[in-house]
Amino acid sequence: DEDVAMDENFFVTPDVDTKPVKYIPPCSTLDFYDTYCQFERSSESVASLSTFRRALQVWRKALKFRRVTQHAKCSVCAKLQKMRKEAATAAEREFYHEDLTQHLRQMFMDRAMDARFGKLSEESALGTLTDGTVLSIAMDGMDQAKFRCPRNICNTKELESLWRPVLHVTGLLTEGIGEFYYIAEADCKKNSDMNCQCLSLVLEKVQETFAAKLLVVPQHLV
């Protein structure tokens, strides 16, 4: 019947053991289900909570929840979920639920726009998009605690007071072009000047890449 067909489609998956592990921010299964419902809001059939739990169990090797100490939770989500849980009446609970739903919708709209820009950037790099070309660049700094030098040392008394400089590592993902990583010394200021320097270096690489392909550098940078 229709319910069985939906369940079968919900569980169709290749070998999960071959899938790369993806990490989910700290949340309960119910909160994760709320997020899924918002992602599938345009679909005619949304899996029930029990079906969602079974599917999540199937994917447990590829989908793992981060611990609270590993990933900060969205402050807006946490606030609205807490207020919804502590609501005194059904109407008040529904009010906060709608606020949370709207927040999740805006989050997915933002991610959809980012994915769209990434796709346009890839098409621009391939030369298949000739009008309104786009170059999408994402830049972020790494957790400095993971880049102390030397990185792996024995925890001995003579080394516990060793000064280990923290290296600044900045990564830039240019959709359709590649990934770029820049390492700076510990005394280098991590500010807007450094970000502009990294971005300038990447733009030079982008210009060289497009010139080698006999293509024009995209009109828009996002």
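**View 1. Trp-59 in the loop between helix 3 and strand 2.** In this predicted model, Trp-59 sits in the loop that links helix 3 (49-58) and strand 2 (63-65). Its relative accessibility is 24%, so Trp-59 counts as partly exposed. Val-16 lies 6.5 Å from Trp-59, C-alpha to C-alpha. In sequence, Trp-59 and Val-16 are 43 residues apart.

**View 2. Helix 5 from end to end.** Helix 5 covers residues 90-126, 37 residues in total. From its first C-alpha to its last, helix 5 reaches 54 Å. That is close to the 54 Å expected at 1.5 Å a residue. Gly-127 follows helix 5. The phi of Gly-127 is positive, near 85 degrees.

**View 3. Buried residues of helix 5 and their partners.** The buried residues of helix 5 are Tyr-96, Leu-100, Thr-101, His-103, Leu-104, Phe-108, Gly-118, Leu-120, Ser-121, Ser-124 and Ala-125. An α-helix has 3.6 residues a turn, so residues three or four places apart point the same way.

**View 4. Helix 4 against helix 5.** The axes of helix 4 and helix 5 come within 8 Å and cross at roughly 160 degrees. Angles over 145 degrees count as roughly antiparallel, so helix 4 is roughly antiparallel to helix 5. The crossing of the two helices is left-handed. Helix 4 contributes Val-76, Cys-77, Leu-80, Gln-81, Met-83 and Arg-84 to the contact. Helix 5 contributes Arg-93, Tyr-96, His-97, Asp-99, Leu-100, His-103 and Leu-104. By class, the residues of this contact divide into 7 nonpolar, 3 polar and 3 charged.

**View 5. His-103 and its contacts.** His-103 is found in helix 5. At 17% relative accessibility, His-103 falls under the 20% cut-off and therefore counts as buried. Neighbours within four places in sequence are left aside here. Beyond them, His-103 is in contact with Cys-74, Val-76, Cys-77 and Leu-80. Among these, Val-76, Cys-77 and Leu-80 also belong to the helix 4 side of the contact with helix 5.

**View 6. The protein chain as a whole.** The protein chain holds 6 helices and 7 strands. Along the sequence, the pattern reads α-β-α-α-β-α-α-β-β-β-β-α-β. Of the 222 residues, 24% count as buried. Among contacts between residues at least 6 apart in sequence, 61% join residues at least 24 apart.

Conventions. Residues numbered from 1 in each chain as written. Predicted model: local features only at pLDDT ≥ 70, side-chain atom pairs only at ≥ 80, totals over all residues. Heavy atoms only, no water. Helix = DSSP H or I, 4+ residues; strand = E, 2+ residues; numbered from the N terminus. Expected span 1.5 Å × (residues − 1). Buried < 20%, exposed > 50% of the residue type's maximum accessible area, 1.4 Å probe, protein only. Axes fitted to C-alpha atoms, helices over the stretch in contact; angles between N-to-C directions. Parallel < 35°, antiparallel > 145°, perpendicular 65-115°, else oblique. Left-handed = near helix turned anticlockwise from the far one by under 90°. Contact = heavy atoms within 4.5 Å. Nonpolar A, V, L, I, M, F, W, Y, C, P; charged D, E, K, R; others polar.
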